Structures are given as structure tokens and as C-alpha cells.
Amino acid sequence: MNESGNNSTDAAAADALPVRMLNEYAYCPRLFHLMHVEGRWADNAYTVDGRHVHRRVDRLDHVLPESDDDTPAPTTKPAHDDGDDPPQIARSVPLGSNRLGLTAKLDLVAIDDAPPSGTLGVPKAEAVPVETKRGSVPNNPERSWEPERVQLMAQGLLLREHGYHCDHGVLYFAASRTRVDVLFDEALETRTLQLIERARRAAAPHSVMPPPLEDSPKCHGCSLCSICLPDETLALRQVPLHPEAPTVRRLYPARDYATPLYVQEQGAYVGKKGSTLIVRKSGQQLATARLKDVAQLVICGNVQVSTQTLHQLCEAGIPVVYLSTGHWFYGVTNGLTLKNAFDRAAQFQTVQDADKCLAFARQLVIDKAVNQRALLRRNGHAPDRVLRDMADLTDRAAKVDSIASLLGIEGSIARHYFQNFASLLRPRDLTTDWDFASRNRRPPRDPINAMLSFTYALLTKECSVALLGEGLEPHWGLYHQPRHGRPALALDLMEPLRPLLADSAVITAINTGMIRGRHFKHGRSACLLQPAGRKAMIQAFESRLDQLVTHPAFDYRCSWRAAIRLHARLLARYFRGDVPTYLSITTR
């Protein structure tokens, strides 16, 4: 019996709602869902500044003294004599209540042990919670925002649960160095209890993500706006997108300044010192990189990584990508940064819907064909009949009734494209044979196919990392069928991007002279990139990912790397039903 009771108590404590999350729910239910249900988080200047403001109270946990009275605290504040001793101060105080279903770590609590003389039935200790906020005092009648008052009231309820008298709290605004008293009246208490109940219902694992706020100023400055995608979600719910629709605000960051760290030196060792990664070989330091500047650690071949480094990378949410010596994509080590497993459940459910898979596949093939044809039309010398045939095949793709037929049409379009791919090339190195008439692989038999295979592997890696970051299963696709060792969903995501990113990087590397004949090793049945050639291709590919592009649907600028992450996020939202359709990127 005791064991059963302990288990139920532990379960209640595990399901307790953090008071900080109550603040987020009062501010925006969608933000609450992302943070509390799905475990999403992203920093910006405001959150970093907030941690700096809280650095003192977070340094050490304090314990409140026991109250001498277990009865509920009265709602009237006792008067104090002028000769009372100053109150005790406790910082970073953890409290919880199974009855309220709340848990909290209070920034600061002021406790007065001295009761007013002549009073009976009043707890000896009076507690006043003090919550620190990074900003300035709001210019409104209450001199505070409702989420802040609700958070403070919830802290007061926890203090009352522990036997203290608590009828008001204090908000300290660090930017203006101002204290604002918040009275715990009946209206605020009722509102807080209502929000606690609603937030607990919204915290259920199967809960649906609430709709985004419409054109709300709250989105500006929210660190999760690039994960929430409020304007993009509302735009995609208007199918088709109307020209008169409201402008999509560029809340999504244009680019991420953290970039992948590639380690190709065979026999190298990656360790860490504090928050810095250090690459060594034979006792000699080869390179260093600050953790905040690293988006991925890419291990190429025979390179070792210390266990401590893996732990820190997993904790920081930085994936470790494994490539072979020849840069075949092997896999990823990722930390458990997401709590919500239902994105994958929705993904698997969508895969079982044949109609959705066919509609999704049609759009992928059409978008890829549009991008291939645009690349030939703008930068090559393909005959008009080839461009007409590609357009006709693209129109046919919109009407097919099976994925098998779609594969045939995609193959025909690709044949036209690659037969004219050489017209896109203007090589600087005229001593090398750059002839190219068709795609071949495993192994590639000429320099261009070797470069294409290499950049496709890099693009597969990039898409797989983006999908894993959204909690999706890269190996279970809608168009590409699942197969052992093949990241089918990553191939789905990258399909329209092949000509725009991988093919474009190859063309740039050849036409600018980054790649020359000496970068290849020719064998009887294969042509392989040498280490210097792989390094040059990585530079060309990463430069392409860092270039800014105007998004065709949202009309704001972002880098290609940011666009991949954006569309992986939109794909997850499509699976969950947050948006009705998935749109990939097509060149204008």
C-alpha cells in the first residue's frame, strides 16, 4: 500500500506544471505547447539577457524555514510594529504542490518571522515572493503584464500551501530598477486558478498545437518565433496563396551563423576544453572552434571523438554526423532535445495514406522538374524542343495516378536534364575532359558524376540533420520508399533542392576553377575525388548554403541552409495537420 502511494505521489510530482510555463500559457498558448509539450527552445538576445539578470538567484538553492502553523493562511495582511527585525531573504527556492499540480523555483522570498503582538490564529511567518524581470516597468495602469501577475500569484499559492501568509508579491524590473507591488486579490487568484486548469489540459501529450497569434506584436522578440512560424502557418492555411493576403513578416532568421565543422584529417582526435572543441593529431593542435559557432560536427572517416565531447554536443543539441572516408553518409548522433514523439506517429500515419503520398510525390516531381528546366533555360544552351518536352512531362506528372508512373516521368525529365547538363559548364581547366552525357554512380565513372555524388551525399546529410531536429524519422518517406540504409524522407525533402543546391555547387566549382583535373583520381572503373578536391567541394557547397534567397511563397530573404531547416519544420507541421499542404522551394 505504501509503495503504491509513493508511486502515485512521484507520478503527480513528475506531471506538475512549472509555474514558469504558466506564465508562457498566459502569454501565448502556442508558445506553451512548443516549450512544455514538445520541449522546444531557442535563444535570442532577450533570453540571454534574462539569464544574466537571474544569474545571482540561480546560483544556489535555498530552503524556506518551516512554518509553525499548518492551517491555511488568512487573506489579510497583519500589521507590523516599527521595531520588527528585517525579514529573512531566501533565493532560488524550490517549491511544489500536488494539490495545485504546480512546481516552481522562486527567484527570491522575503520571510518575516515576527507576528504582530496580540494576534491569534495567524501564522508566524509571512512570505513575499519577489520575481525578477529583465525589462522595464510597462506603461499601463497595472504597471505589469498579466502573465507576470499570474506567475507571481501562483508562487503565492505555493507559499500558502506551505503554511505561509502571503497576500502580495513584488515584481522587480531590472532595466528600470523598479519594484512593483502586486496585490493577490480574489480576481487575480480566480484567474490564476483558471489558467492552471487550462494549462494542465493543454499539457496532455496528445494535445493539438493551438493556432498561432494573428499579426501579434508578441511575436516580435519571442525566441521561438522561428520555430512557431506564425505568419508562415497562417499563409499556408490559405490554399492557394492569395496575392492580397497579408505580408508575411520575416520573423524567421535570415541565416544561422553557426556552421558545420568538418574534420577530414585521418587519425585526428576531437576533444574539448570548456566550451571549445579542439582538433588534434599526434599531439599537435590542428583547429579549434567555439561550441556556439558549430552547427554540426561532421566526422569524415578515421577520426575519433572523446566521450566527454559527445556528451557536451548532445546536451547542446549539436548533431555529430558520420561520413565515410569517401564521404558516404553513414548516420547521425543526436541528443534527446525533443520531448514530443507524436510528430513521428503523425508521419507514419501519413505514410499509410496512399492518396496523400501520391499528391505529395506529384508536387515533389513537379517542383524538381521546374527547377531543372529553369536552370537549363537561364544558364545553359538546351534546345527549345528539350525545354518543351520537359514542360510537357511536367504537365503529365500532375495527372498521373500512381507513384510507379511518376517515377517513369521523373526519369524521362532527368534524362533530358542530364543530357544537356554540360551546356551549363564553362570550365577554367581546359586540360581536363569535362564531357558529361548521363548520370552514373556506385561508383561514378567521370569527374562530374563524382562531384554530383559527393554533393548529393552532403545534401542528404543536411536534410537528415534538419529532419532529426524536428523529431521526424529520416528513413520513412512518402515518395521514396523505405529501404534499409536509405534516408527516404531526407531524399523527399532534398528532391526539389538537388538542382538548386548540389548541381549549382558543382557548376560553380567547375566554372570558377575551384575544382581542376588534379583533384581526381581515375581508375579502370571509377573516378574519385582526392582529399583536396573534397575540401574544395565542401567549400563550394557550404558557400551555396550560405547564400541568401527570396522565398517564393513568403517573399522574405533567408539562406539556403535556413530554408532547408524551415521546410523540414513545415513538413513536420504538415504531418501534424497544423498546415494543410506542403510547399517546397521553386526558383522564380
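Mentor: This is a predicted model, and the questions below take its sheets, then its pocket and cavities.

Trainee: Which residue is the bridge partner of G271?

Mentor: Strand β8 covers residues 269-273 and pairs with β9, residues 276-281. The pairing is antiparallel and runs over five bridges. In β9, the partner of G271 is I278.

Trainee: There is also a sheet β7-β11-β13-β14; which residue stands opposite V321?

Mentor: This open sheet has mixed pairing, with β7 (259-263) and β14 (329-333) as its edge strands. Strand β13 (residues 320-323) pairs with β14 in the antiparallel sense over four bridges.

Trainee: Which element gives the most residues to the lining of the largest pocket?

Mentor: The pocket holds about 1,700 Å³ of space and is lined by 49 residues, with W41, A42, D43, D256 and R565 nearest its centre. Elements that give two or more residues to this lining include α4 (45-53), β11 (294-300) and α18 (560-576). The most, five residues, come from α14.

Trainee: How many charged residues are in the lining of the largest pocket?

Mentor: Sorted by class, this lining has 24 nonpolar residues and twelve polar ones. The charged residues number 13.

Trainee: Which element gives the most to the lining of the largest cavity?

Mentor: The structure holds four cavities of 30 Å³ or more, and the largest has a volume of about 120 Å³. Its lining is made of 14 residues, with C28, L31, C219, C222 and C228 closest to the centre. By class, twelve are nonpolar, none polar and two charged. The element that gives the most, with three residues, is α3.

Trainee: How many residues of the second largest cavity's lining are charged?

Mentor: This cavity has a volume of about 60 Å³. Its lining includes E38, R40, D343 and E470, and α18 gives the most, with four residues. Three lining residues are nonpolar and none polar, while the charged ones number seven.

Technical notes
Residues are numbered from 1 along each chain as its sequence is written. This is a predicted model: local features need pLDDT of at least 70, side-chain atom pairs count only at pLDDT 80 or more; totals for chains, interfaces and linings use all residues. Side-chain values use heavy atoms; hydrogens and water are left out. Two strands pair if DSSP finds at least two bridges between them. On a 1 Å grid over the protein atoms alone, a cavity is a set of points where a 1.4 Å probe fits but cannot get out, and a pocket is an open set with protein on both sides within 12 Å along at least five of seven lines; lining residues have an atom within 4 Å of a point. Grid points are joined across faces, edges and corners, and a volume is the space filled by probe spheres set on the points. Ala, Val, Leu, Ile, Met, Phe, Trp, Tyr, Cys and Pro count as nonpolar, Asp, Glu, Lys and Arg as charged, and the others, Gly among them, as polar.
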